[in-house]
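Welcome! Let us take a short tour of this structure, with a few stops along the way.

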Amino acid sequence: MEEILKVEGLKTSFMTSSGEVQAVRGVSFTVHKGEILGIVGESGSGKSVTSMTILRLLADTARIKEGSIQFEGKDLTKCNEKEMRAIRGQKIAMIFQDPMSSLNPLIPVGRQVEEMMKIHHPELKPEELKQRTLELFEQVRIPEPEKRLKSYPHEFSGGMRQRVMIAMALANHPDLLIADEPTTALDVTIQDQILKQLRTLQKQYDTSIIFITHDLGVVAELCDRVVVMYGGLVMEEAGIDEIFEHPLHPYTLGLLASIPGINKDKAERLQSIPGSPPDMTNPPKGCPFAPRCPYARNICAAECPPYVQAGGHRAMCWLLQPDAPAEGNPLYGKLAAAEK
Ligand code: SF4
Ligand code: MG
């Protein structure tokens, strides 16, 4: 499958009053044409910083320390602001968790979508812009689109605002859409509708999507492949069926166990892996999950495990090494099963 984005050995840090936060510490993954790649992890895992690095929307205090981001023949880590402006919104678009932060409260939403198209297609006439915006509103199922073009962001519900954002993101038919927790603030029914719609639109436009979430349940519904991040590193990467059938990392096992059942509410879900993510001003020398991992051994805190690979599936955990003990090892023999 054609590769559209290739991130290799990416390291991004930023300065804070308490020191340098090593948010992304050597991340590699690929996005193929027309696929939906999930990046899953808790807050602080480095997933948002990774996406902001791709779009070069980092704060002034941030630095890309190492690595490359290949996109359509360019290394985005080396592009200047002018080159990035030509890419953002046009070739790579983004949807954030809070649409209010990216919508202008003083301008009707229809005009905001039109402006988005005009930046990259100045040749379009006002009538064409309006017509295209109407079509987009219809596609994302905004009721009474003609009337809604003139509404202001505050006149929409959270779910409808997110639809406006999706319309805006798709306005220029981007090759890659990065969605960072776009449904996290919405209730489950609306979330479901929006995920279904993203799937439909993705097929229609053959857009590749990076979908960032803390929720492996959402990944199951939407994604083709998934990258599991923790402590600024990729813990595991696999196809969607693979990750659910043959998980190869204790952190993934924890995430799987925390997918909500009927009676679990959000608060419970977030507590289901005891402990908290590492302090990235002083990241652990060894496996970043060691302080929370129920299977950690002496070597885990001392040294970072190497990746093992089974086809398109890879993971880093000492329990997957050939000399790992069988006893008390939830991954014993699992690599061989994954390889089949
Ligand atoms: Fe747990 Fe050790 Fe594997 Fe890290 S390397 S996930 S601490 S067993
Ligand atoms: Mg985030």
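## Before we start

Two packed helices are described by the angle between their axes and the distance between the axes. Please keep in mind that this is a predicted model.

## Helix 7 and helix 8

Helix 7 covers residues 158-170 and helix 8 covers residues 188-205; they pack at an angle of about 15°, and their axes are 11 Å apart. Angles under 35 degrees count as roughly parallel, and that makes helix 7 roughly parallel to helix 8. The way helix 7 passes helix 8 is a right-handed crossing.

Which residues of the two helices meet? From helix 7 come Gly159, Gln162, Ile166 and Leu170, and from helix 8 come Ile190, Ile194, Leu198, Leu201 and Tyr205. Sorted by class, this contact has 7 nonpolar residues, 2 polar ones and no charged ones.

## Helix 4 and its two partners

Helix 7 also meets helix 4. The axes of helix 4 and helix 7 come within 9 Å and cross at roughly 20°, which makes helix 4 roughly parallel to helix 7. Their crossing is right-handed. On the helix 4 side we find Val109, Gln112, Val113 and Met116, and these meet Val164, Ala167 and Met168 in helix 7. The residues of this contact divide into 6 nonpolar, 1 polar and no charged.

The other partner is helix 5. Helix 4 (residues 109-120) and helix 5 (residues 126-139) pack with their axes 9 Å apart, at an angle of about 115°. The crossing of this pair is right-handed. Gly110, Val113, Glu114, Met117 and Lys118 of helix 4 meet Leu129, Lys130, Arg132, Thr133 and Leu136 of helix 5. How many residues of this contact are charged? There are 4 charged residues, along with 4 nonpolar and 2 polar ones.

Pro250 leads us on to helix 11, which spans residues 250-257 and whose buried residues are Pro250, Tyr251, Thr252, Gly254 and Leu255. What covers these buried residues? The cover includes strand 3 (36-40), helix 9 (216-222), strand 9 (225-230), strand 10 (233-239) and helix 10 (240-245).

Glutamate 181 is not a glycine, yet it has a positive phi of about 45°. Its place is in the loop between strand 7 (176-180) and helix 8. Glutamate 181 has 19 other C-beta atoms within 10 Å, so it is partly exposed.

Aspartate 206, in the loop between helix 8 and strand 8 (208-213), has a positive phi of about 55° although it is not a glycine either. Is aspartate 206 buried or exposed? It is exposed, because it has 11 other C-beta atoms within 10 Å.

Glutamine 90 sits in the loop between helix 2 (81-87) and strand 6 (92-95). Its C-alpha atom is separated by 9.0 Å from that of isoleucine 119, 29 residues apart along the chain. Leaving aside neighbours within four places in sequence, glutamine 90 is in contact with His120, Asn172 and Pro174. With 18 C-beta neighbours inside 10 Å, it counts as partly exposed.

Methionine 84 lies in helix 2 and counts as partly exposed, because it has 15 C-beta neighbours inside 10 Å. Leaving aside neighbours within four places in sequence, its contacts are Arg56 and Cys79. The C-alpha atoms of methionine 84 and proline 247, 163 residues apart along the chain, are separated by 37 Å.

Terms used. Residues numbered from 1 in each chain as written. Chains lettered and ligands numbered in written order. Predicted model: local features only at pLDDT ≥ 70, side-chain atom pairs only at ≥ 80, totals over all residues. Helix = DSSP H or I, 4+ residues; strand = E, 2+ residues; numbered from the N terminus. Buried ≥ 20, exposed ≤ 12 C-beta atoms within 10 Å, placed from the backbone. Contact = placed C-beta atoms within 7 Å. Axes fitted to C-alpha atoms, helices over the stretch in contact; angles between N-to-C directions. Parallel < 35°, antiparallel > 145°, perpendicular 65-115°, else oblique. Left-handed = near helix turned anticlockwise from the far one by under 90°. Nonpolar A, V, L, I, M, F, W, Y, C, P; charged D, E, K, R; others polar.
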